[in-house]
Each structure stands twice: as C-alpha cells, then as structure tokens.
Amino acid sequence: MFWQRHLNKLRWVSLSLVFAGLILIPFLHLYQTYEATHSYDYLSSGEKYIYNTMELLTKPFTDDPVNSLDKIKGNTWSGNLFGIKISDPLAVVGQTFAGLTIYWPFVLSALIPVILTILLGRFYCGWICPATFLYELTDNVGTLLKRIGVPVSHRRLNHKLKYIILAVLSLLCALTGTMLFAAIYPPAIIGRELYFQIAAQGFGVGIIFFLFTMVFDLFVARRGFCRYVCPGGALYSLLGHFRILRIKRKVQACNDCVKCTAICQFDLDPMRDDFGQECNNCSACIAICPTDALMFTLNWKDSVYQGPGHLGHHYKQRPNDGAA
Amino acid sequence: MQRRQFVQWLSIAGLSNVLGSAHAARHTANLRYLRPPGALAETDFLARCIRCGNCGEVCPNRCIDFFQLDNGSDSLGTPYIIPREQGCILCMKCGQACPTGALQPIEHEADAIMQQVHMGVARVDQNLCLSYQGKTCGVCYRACPLQDVAIYVQRLEQPVVTDKCVGCGLCERSCIQIPQAIRILPNHQRAAL
C-alpha cells in the first residue's frame, strides 16, 4: 500500500515532537515559576527572553499558566499528559520489585502504554522513545564515519541478552530496594537530564552514561543498546509478543533486493519474513522497498518463510516443477 | 587481544572507582538535606521513588533539586531540598504530581500539612542568634508559614521552635546571620510509618 511508505516520515515527526516536548516542558516550568513569583522586572535579559517566548507560545491556550500548565509535565518515564498520568511499564515493574508492594494508582498509570503495546508491539521504541531519536541520528553519523574511513563495528550479539538484563536488574531492584532501571534506561535519563540542564543544576552523570551507550552503538554494535541491552526494550518486546499489528511481505511483489534487511536497524530479516516481537514498527523497510512488497497488516502471527520473491531471479530461474 | 584486555581492565577499574566513591560518599555524608514534603521515611522513599523528576518540575518555588552521585549511588536522581538555598513554601504540588506515592499527596490545608509533613524540625542556635545576643531580629518568625504554632517569639524577638514545626526551611532561608542561626534538622531517617 503506497501510503505506508510515508509512515517513516510520520514517525520522524512523532519522534521530533516528543523530543521537542521534553525540551519545551522545562522552559514552560521556568515560565511558570517566573509568573508565580511576579518577578518579570527582576529577570535577567536571557530569562526575559524565555519568559516572552513562552508567553507567546502559551497565550492562545491559557490565561492561567501557573496552574493550567501543570497539565503537561514530566517525561516519557512518567508524566502528566493533559491531566492523565502516564508511566512507562518498566517504571512499574522496577518500582514493584524495589518496593515489593503494589501501588495501584501507579500501576494503572501504565495501563494505556501496556494495552497499546500488547496490540501494536514495541511501537514505543520506534515512535516515541527520545533515546531512539538520538540513537538513529548516531546511526547516521556512523554511516558518515564509515564513509570517511573510521572503523565502525557491527558486531552481532544475542538478542536474548536484554531479557537476561531485565531479569537480573529486576532481581537487583528487589535486593537493593532502589529503582536501578532509572539509572540505566536511556529515555528516563534523557528526560531527566534535559530538565536538569534547562531548569536545574545542569547535565549530570546520566548524560555520561548515555554518551557511552552512543559510543557502544557506533563502535561495538549498530543500535546495540536497543537491540541487546535495553531492559525497557525487553519488556516491550515481551508485552508485544502476541501483537496484532505486524509487517508482512507480499511474496508476489518482492524482488529479493535485500534493501529491507540491510536497512533494518534491529537486525531483523524482513526479506525472509523474520519480524517477531523485536520489530519496533519503525517502517524503514516499508519506506525503502522499491516494489511496495512490505506493509502493515493485522495478524496474530508472522508468516513462515514464503520463499524467494516472485520478481527476483531466484524464483524465475526455478524449474517449473509440477506447477500447472 | 591486548586491546581487549586493556578495555576489560579499564572497565573494571572504572566500575570499582564509581562504586567506591559512592560508598565513600555514603559514609562521609555531612550533607544536610531535606526530602520534599510528604516524603516517606528514607528507605521506603528510595524504594518508591522512580526518579522521574516530576516533583521538581511542578515546584513553583524551584526549591527541589536532584542528587547526582553525591549522596551515594542509590540516591541518584532523587529530589532534595537544601533549605539555606531555597526553602519549601508548602504548596503541596509535588505530592500531587508524584506518580508513585513516594511523596504522599497532601491537601494544601494547614491541619493536613501539620499532621502529615515531617521534613524536619528547626533548631535555634542561641550562640549565633542575634535576638539572643543582645539585638532584636525576628526574621525567622516572620518567615514562618505556621507563625505562633510552629515558632513563637519571646520578648526581644527571641524565637522558640515548638514540636509542631514541619521543617519547611523558610526560617533557615531567611536568617540574616551568617552562618545561619536557625537550622532544620532533617527527619528523613525517622522510623518507617
């Protein structure tokens, strides 16, 4: 279906909007604090600039920024979206293990993402995660580096590693009684550190860890953190095991060009019908397919390998045995 | 193989360094900080808090700051208040914003605040306090949101803190003496409720 080719652009719009939101929200908070203290006349010129810009942005929507802007707060780890509290399912898992209690208001705040993930699979990783935004840009940098001769590495590890990390860290959360995921989960780090940098004391240790993961992605394994390490990715993959939104290959239209397999940043093999729970719906394979052979469909299961594409030479050269 | 061994050695050294410094920080801690109002006792708080930063993001007073590794690795990303830098104005927005109940939601209402907020208790150092040293000041008393309940003044503006003090830190923030003559003794190490 031709329109699905453009989903990848839509996805970039979504990623950019989420990232822009994470930058905007701390500035809105600054604006609220200036407004709450009626301190416009005491602000420095830079602060006045923030105040004026944010006033311009929010004037059409609200007359009472001090209170009404509280409806958009937080980050993708846990936040308030127009009055609905939404949390990352990994936060709920980690917190439940760390506290060894279930706090229902918090568990329910992860309900919307959990339901969406069960239906759509690991879409969070592809469409929302602020770390994905930076990792995909890193991946582009990697391509450039390769072109100018810097040795980047695409080592393959085992995808199951991240499930082990999820299990081990959950156990460690319970043993230490602290929320360890928050320290190593990139979207949580990004959301927090952007706030620190804009409205608090500045970037902290989290950003150093994040830079290390970027280096890991560049020089050890392509998109390696998401593929092999990220506990959130592991949880989303598990939740999305029985997803109903899956990419399918139409074997009649496929010409075996391998572009989809080459572009897949998650080391999947769309050309051989290998998607599974790891697919993050990024739709890069759909966008690059020259014959529109790939598309999103509603299905409980992936198809088994359907054989070589009917437009490819493997299929054409096959002896026409028994087919009438 | 040599490079790999070097990387292994480096990562082990780095890891032990980070853990070691975290350990050291925990055991040399002289940082006097408060948890935001409504916080559970420290161990429960660390287990509940998911380090999302929402409490800081709703704080209209910008008194809530966040730990890096300076209070041990288990405090990474948790909120704290240094009362001398910025006291808490008891607006109770952080408790409403906290998704996990690490900061309990508390009504913005005097009785509820006095019953449920236990950030600490103020203590006056009479050797430093100007009012006890022959001058009259009374700034801490005027800064207190629970005047005559949590703090009252004797003659010559000499402040006395009662056990109703919730530990917001506005008195410490406003004390004109350097170093401050009134300090909040944090209460976050109290026994679990």
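A residue counts as buried here if 20 or more other C-beta atoms lie within 10 Å of its own, as exposed if there are 12 or fewer, and as partly exposed in between, with the C-beta atoms placed from the backbone.

Some housekeeping before going on. This is a predicted model, in which local features need pLDDT of at least 70 and side-chain atom pairs count only at pLDDT 80 or more, while totals for chains, interfaces and linings use all residues. Residues are numbered from 1 along each chain as its sequence is written, and chains are lettered from A and ligands numbered from 1 in the order in which they are written.

**The two chains**

Helices (H or I, at least four residues) and strands (E, at least two) are DSSP runs, numbered from the N terminus. Two residues are in contact if their C-beta atoms, placed from the backbone, lie within 7 Å. With those terms in hand, here is how the chains look.

| B | 193 residues | seven helices, six strands | 42% | 68% |

The C-alpha trace of chain A spans about 85 × 45 × 40 Å along its principal axes. Chain B, read along its sequence, goes α-α-α-β-β-α-α-β-α-β-β-α-β.

**Where the chains meet**

The contact takes 38 residues from chain A and 26 residues from chain B. On the chain A side, the elements giving two or more residues include α1 (7–36), β1 (72–74), β2 (78–81), β3 (84–87), α4 (89–99) and α11 (186–199). By class, that side has 16 nonpolar, 18 polar and four charged residues. In this count Ala, Val, Leu, Ile, Met, Phe, Trp, Tyr, Cys and Pro are nonpolar, Asp, Glu, Lys and Arg are charged, and the others, Gly among them, are polar.

**A three-stranded sheet in chain A**

Two strands pair if DSSP finds at least two bridges between them. In chain A, three strands make an open antiparallel sheet in the order β1-β2-β3, with β1 and β3 as the edge strands, each pairing on one side only. Neighbouring strands are turned by 15° against each other on average, direction ignored; the axes behind that angle are lines fitted to C-alpha atoms, for helices over the stretch in contact, and angles run from 0 to 180 degrees between N-to-C directions.

β1(A) and β2(A) pair over three bridges and form a hairpin with three residues between them. Lys73(A) has Asn80(A) as its bridge partner in β2(A), and Gly74(A) stands opposite Gly79(A). Moving across the sheet, β2(A) and β3(A) pair over four bridges, and Asn80(A) has Lys85(A) as its bridge partner in β3(A). The hairpin of β2(A) and β3(A) has two residues between the strands, and Phe82(A) there takes a positive phi near 50°.

Trp77(A) sits in the loop between β1 and β2 of chain A. Is Trp77(A) buried or exposed? It is buried, because 27 other C-beta atoms lie within 10 Å. Leaving aside neighbours within four places in sequence, Trp77(A) is in contact with residues of both chains, among them Asp88(A), Ala91(A), Pro187(A), Ile50(B) and Cys52(B). Trp77(A) and Pro187(A) are 110 residues apart along the chain, yet their C-alpha atoms are separated by 6.8 Å.

Ala91(A) belongs to α4(A), where the buried residues also include Leu90(A), Val92(A), Val93(A) and Phe97(A). Just after α4(A), Leu100(A) takes a positive phi of about 55°.

**Cores**

In soluble globular proteins, nonpolar side chains tend to be buried together. A nonpolar core here is a set of buried Ala, Val, Leu, Ile, Met, Phe, Trp, Tyr and Cys residues joined through C-beta atoms within 7 Å. The largest core has 101 residues, and those with the most contacts inside it are Met179(A), Cys55(B), Cys94(B), Ile151(B) and Cys171(B). Beyond its neighbours within four places in sequence, Cys55(B) is in contact with residues including Pro36(B), Ile64(B), Cys94(B) and Leu103(B). A second, separate core of 18 residues includes Cys254(A), Phe275(A), Cys282(A) and Ala293(A).

**A partly exposed spot in chain B**

Thr43(B) lies in helix α2 (residues 42–48) of chain B. Thr43(B) is partly exposed, because 16 other C-beta atoms lie within 10 Å. Thr43(B) and His188(B) are 145 residues apart in sequence and 9.0 Å apart in space, C-alpha to C-alpha.
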